Amino acid sequence: MAEDDNMEFLDKSQKETGMPTDHTATYYGVALGLSVLPVFLFYTVYKLEDIGVVYLIVTTISTFLLKIAYQKVMEREYHRLWAFRKQDSANAHKKYGMSKTDYENRRKEITSYESLMFSLFRNNLTYVMFFLFFAFYAFKDINQEFAYAVSVGASSVLVWKFSGWL
């Protein structure tokens, strides 16, 4: 019952603020691309060719966690930016020769795009930094199969956790 209330609140919140919900394909595409890069590194450089199942499982989990992180940061950033932009002057649409509704819709699109780009930049940078630290410093002396799984897994989990804090 509480889960239904949460979903209703989110739907109502998205309708009130105009928060776009159509970036899921972008989230999954970027997250999958970023999750596959360590596979390429470990497959080509370390010649770990016989752990395909591990690659698949870790990449899938990493992709899902990164997608959630992207979405959380984007939503928070969108609402933060939109709160500042709502305070603009009431007649700003006249300066651009637009109707008030067209001007508001355009501002929502721009805010959505800015928050999406910020989310992708912040989470990707955090993921890469964590991965490089774990793969080449913290776990450099252990078994490479284990190092791959822990480096990618820990990086994804940390990005996911930090997406709600920062």
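Is Glu104 buried, partly exposed or exposed? In this predicted model, Glu104 is partly exposed, with a relative accessible area of 23%. Its salt-bridge partner is Arg107, and the closest N and O atoms are 3.9 Å apart. Arg107 is buried, at 10% relative accessible area. An α-helix has 3.6 residues a turn, so residues three or four places apart point the same way.

The structure holds four salt bridges. Another one joins the side chains of Arg106 and Glu109, at 3.2 Å from N to O. Arg106 and Glu109 are also three residues apart in helix 5, and are thus separated by about one helical turn. Arg106 is partly exposed, with a relative accessible area of 41%. Glu109 is likewise partly exposed, at 47%.

A further salt bridge pairs Arg85 with Glu114. Here the closest N and O atoms are 2.4 Å apart. This pair links distant parts of the chain: Arg85 belongs to helix 3 and Glu114 to helix 5, 29 residues apart. Glu114 counts as partly exposed, at 33% relative accessibility.

Tyr96 and Tyr103 form a stacked pair, 5.9 Å centre to centre, with 15 degrees between the planes. Tyr103 is buried, with a relative accessible area of 11%. Phe133 and Tyr137 form a tilted pair. Their centres are 5.4 Å apart and their planes 35 degrees apart. Phe133 and Tyr137 lie four residues apart in helix 5, about one helical turn. Phe133 is partly exposed, at 40% relative accessible area, whereas Tyr137 is exposed, at 55%. Both belong to a cluster linked by ring pairs, which also includes Phe130, Phe134, Phe139 and Phe162.

Helix 2 was considered separately. Helix 2 spans residues 24-44, 21 residues in total. Its first and last C-alpha atoms are 30 Å apart, close to the 30 Å expected at 1.5 Å a residue. The buried residues of helix 2 are Tyr27, Ala31, Leu34, Ser35, Pro38, Val39 and Phe42. Seen down the helix axis, these buried residues fall within an arc of 145 degrees, so they line one face of helix 2. The elements covering them include helix 3 (52-85), helix 5 (100-138) and helix 6 (144-163). The face turned away from the buried side carries the exposed residues Ala25, Leu37 and Phe40.

Notes
Residues are numbered from 1 along each chain as its sequence is written. This is a predicted model: local features need pLDDT of at least 70, side-chain atom pairs count only at pLDDT 80 or more; totals for chains, interfaces and linings use all residues. Side-chain values use heavy atoms; hydrogens and water are left out. Helices (H or I, at least four residues) and strands (E, at least two) are DSSP runs, numbered from the N terminus. The expected span of a helix is 1.5 Å times one less than its number of residues. Buried means under 20% relative accessible area, exposed over 50%, partly exposed in between (1.4 Å probe, protein chains only). The arc is that of the directions from the helix axis to the C-beta atoms. Contact means heavy atoms within 4.5 Å. Rings of Phe, Tyr and Trp (its six-membered ring) pair if their centres lie within 6.5 Å; planes under 30 degrees apart count as stacked, over 60 as edge-to-face and the rest as tilted.
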